[in-house]
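Colleague: Before I plan around this protein, could we go through the coordinates together, one point at a time?

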Amino acid sequence: MKKKSIFIYLFIILSLSFHTSAGKQLAVSTDKGTINISLLADNAVRVRYGGEQTLPELFYLGADNSEVKYKQEEKDSQIIIKTKKMMIVVDKALGTPKFFSINGKEQKPVLMELSHSLTASQLYDDSTNIARLTLDSPEDECLYGLGQFQDGYLNVRGLSRRLSQVNTQISMPMILSSRGYALLWNNYGLTEFNEGTQSVILSHAGEGKETEVNITSTEGGKEERRREGDFLAEIEIAEDGDYSLLLDVGRTMARRHNLSIDGKPIINLENIWLPPTTSAICHLTAGRHTVTANLTNDDKPTLYYSKVENTTRFMSPVAEAIDYTVFIGSPEESIATYRSLTGNSPMQPLWAFGYVHCRERFHSTDEILSTANTFREKQLPMDVMVQDWQWWGKYGWNAFKFDERYYPAPKLLVDSLHSLGSRLMLSVWSKIDENSEVGKEAKSKGYYIPGTTWIDFFNKDAADFYWHNFSSRLLQPYKIDCWWQDATEPENDDLRRRRINGGKQYGEVYRNVYPNFVSKVVYEGCKRDMPDHRTFIFTRSGAPGIHRYGSFLWSGDVGNDWKTLRYQLAGGLNLMAAGHPWWTYDAGGFFRPGKEQYTDKEYHECFIRWLQIATFLPMMRVHGYQTDTEFWHFGEDVEREAKHLLELRYRLIPYIYSTCYQVTNGSTMMRPLVMDFANDQQALTAEDQYMFGKSILVAPVLEPSVSTRKIYLPESKGGWYNMHTGKLYAQSKTYMTIPVTISDIPVFVKAGSIVPNAQPMQTTANYDADNLIINIYPGDNAEFTLYEDEGTNYNYEQGLFSTIRFIWNDKSRTLTIGKRNGYFPGMLDSRKFIVRVVGDTEKCVNYNGKAFKLKINN
């Protein structure tokens, strides 16, 4: 009997057809219709039901270049497709696929589709479809991603979210699972994640107090009077359970997020600007409940709600088809494949990882240069000075022309900053005053999104027009170093109800991807017109694939309090989980406490905690509305702590820049713990910690007036080292209470790590590759690849860079410094390394590019 079973198994294997797919579509027929399956990589598959592909393939550039070998068989009621790393099993009767990871002989189920539907609908006078997808989501699954939101949730399983682009909210319809997969929902428009199945309109129940606030707007800063309003509703709950809530205030931007059920606060966040929706999960018992909300008086709130089930659901009201891509493997593998298919992220310039100084705003060349000189005089490291909006002055919004009354010689400004080892970032919008010289021409040629002053980047002629003026009026005359593309959502949701691209489509079709079109134009234009200068773009919004334009994103115009700080951390980590590698925030908060901020000790404590986290973000940056953000304005204590943190950041530059190189190969710098500890259930629920690179664990302080911090040390064979003191904590997979002071947050390095440090510097322009400190954290074997190049140009794309591999054998206590691979102009032929075994010994060694071993005795 056993021999017969083996014979049948071998017969099936031999009878499988061998094929090669290069992103081509496999049409799989089922009783429910045809499933179009495209094998994009050994561990990536695109699934599509219905519709013709007429929209441009924003997300899949390069996908057709990879050849995927696969086997296909039909057995009973199943169609089985196998690659080296995954298996797709389609149930012909149900018409749905299951997805398995393959690791050698092991086949592990990771995802199952439960159902899908495509329903014909109308988008005004155009035909469209409503696409729905339901996936199985077991109770023990943790899900991350969807982009950056202001609700404080890191694990989004069961949560309802509306995926739209808005100031402080970046929507990327990709989830990352602790079960070993990622899923990208391929839709360019608004998407509902776990859409509420029930809803209730909250009735106006009375007016509250009125306040006057200073706000930012697309017309500049102004004052606005706001009156609070109370709202009321009742809901009937059929059964006990956890319920997902989504509050929609009924306008393009909210002022308050506030909701209570039966008097118990569920949601409470206030800021000058907030997204129009927010979400929460709470437990409700069966029966009738009273819902109250204190919002803005002219809001029109609706509450959507549904019981949390073991499912994950996507719904897009404007769709060509049901279209999604599954990536199989560890979080690192899934994101690496996602990036390889959507275009790998380029190297950032070295100076992007120094300190970026910003305020709202500098008013003249003299202010910028005076501030830059003060940084140097006070020996506060700094690499970039940022000119925020309104430098155009009398010429009109974003007129591509400096107001010479305040900026008489822009090229001299750039050159003067360069002489100080600094760079200039300039805020340039996609919005142009229609009465400006450039705006009049844009209007006459029909290059605006109708009814707005945003350039229609979906129209190639309009995009080319924008770039011509950008390049000829700013880039080429002044050689400005980097660009801040603000408000690229576009602000005010201005694509809705407007026909774009010469009237070909409604804006709802592309509602979430406008920022990608903007970054594409600027990145490719800069690279073409200033090819010797590595492009750096900073923008407020993005959709999947924007990483291929090297775009840094940030969390927008957020507040400054402790809750807001906590929410930024969750938002940034979920943006990383959605596949985007470059993110930061306005350290200290954008909207600040006003003039009292300079003397308010309670705010100073919070500000320092913002800055401590920023030290361990992909970009370290301070910003603030109507604020002179320079540290010395806040007193000696703040300035001292800032100097300490800046010096720490610059010591880490070789570690950070080498990690940037890893990012170009699919890795991630700011890492939710699922990326490194997916099998550690405690790590998955430690939502206020993250990894910075693969070696450094950061545990921010997110509460005022604390002297201790409870942290979780994930699994590590040799334990964890306190980075500040060098003390070894041999335990792992355990909670610990760590003492903290205002001068530090808990930062740990995993045993079995190598972390290179630089010597002190005031700017990366003075970065010295000689005498790097190679910190070895013993307790396990370790490897690290030191990456170096010229730091400012694209020569690395032609292979002009070098790598040096360091390997630590913990048992023999031997460090192998490998042969240097590669070359670039200015590279040191010989140098010194200071090898430091943490908690033990230190040696200085000469290195000439040849491999050698160094024995470290106890």
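Colleague: Which backbone oxygen does the side chain of Gln-387 reach?

Modeller: Please keep in mind that this is a predicted model. Gln-387 is found in strand E28, which covers residues 384-387, and it is buried, with a relative accessible area of 1%. Among the residues that Gln-387 touches are Tyr-407, Leu-424 and Phe-362. The side chain of Gln-387 reaches, at 3.0 Å, the backbone oxygen of Phe-362.

Colleague: Is Cys-606 buried or exposed?

Modeller: The structure holds zero disulfides, and Cys-606 is accordingly in none, the nearest cysteine sulfur, that of Cys-358, being 19 Å away. A residue counts as buried when its relative accessible area is under 20%. Because the relative accessibility of Cys-606 is 2%, this cysteine counts as buried.

Colleague: Within what arc do the buried residues of helix H5 fall, seen down its axis?

Modeller: In helix H5, residues 437-444, the buried residues include Val-438, Gly-439 and Ala-442. Seen down the axis of H5, the buried residues line one face of the helix, because they fall within an arc of 95 degrees.

Colleague: Which helix is included in what covers the buried residues of H5?

Modeller: Glu-437, Lys-440 and Ser-444 are exposed on the other side of H5, and just after H5, Gly-446 takes a positive phi of about 70 degrees. What covers the buried residues of H5 includes a helix spanning 460-478, namely H6.

Colleague: How many residues are in the largest nonpolar core?

Modeller: In soluble globular proteins, nonpolar side chains tend to be buried together. Here, Trp-483, Phe-616, Phe-631, Tyr-690, Ile-696 and Phe-833 touch the most other members of the largest nonpolar core. Ile-696, for its part, touches residues including Leu-652, Met-723, Phe-748 and Val-755. A second, separate core, which includes Val-28, Tyr-70, Val-110 and Leu-146, has 38 residues, whereas the number in the largest core is 186.

Conventions: Residues are numbered from 1 along each chain as its sequence is written. This is a predicted model: local features need pLDDT of at least 70, side-chain atom pairs count only at pLDDT 80 or more; totals for chains, interfaces and linings use all residues. Side-chain values use heavy atoms; hydrogens and water are left out. A nonpolar core is a set of buried Ala, Val, Leu, Ile, Met, Phe, Trp, Tyr and Cys residues joined through side-chain atoms within 4.5 Å. Buried means under 20% relative accessible area, exposed over 50%, partly exposed in between (1.4 Å probe, protein chains only). Contact means heavy atoms within 4.5 Å. Helices (H or I, at least four residues) and strands (E, at least two) are DSSP runs, numbered from the N terminus. The arc is that of the directions from the helix axis to the C-beta atoms. A polar contact is a pair of N or O atoms within 3.5 Å; within protein, one must be able to donate a hydrogen and the other to accept it, and residues adjacent in sequence count only if both atoms are side-chain atoms. A disulfide is a pair of cysteine sulfur atoms within 2.5 Å. Lists of a residue's contacts leave out its neighbours within four places in sequence.
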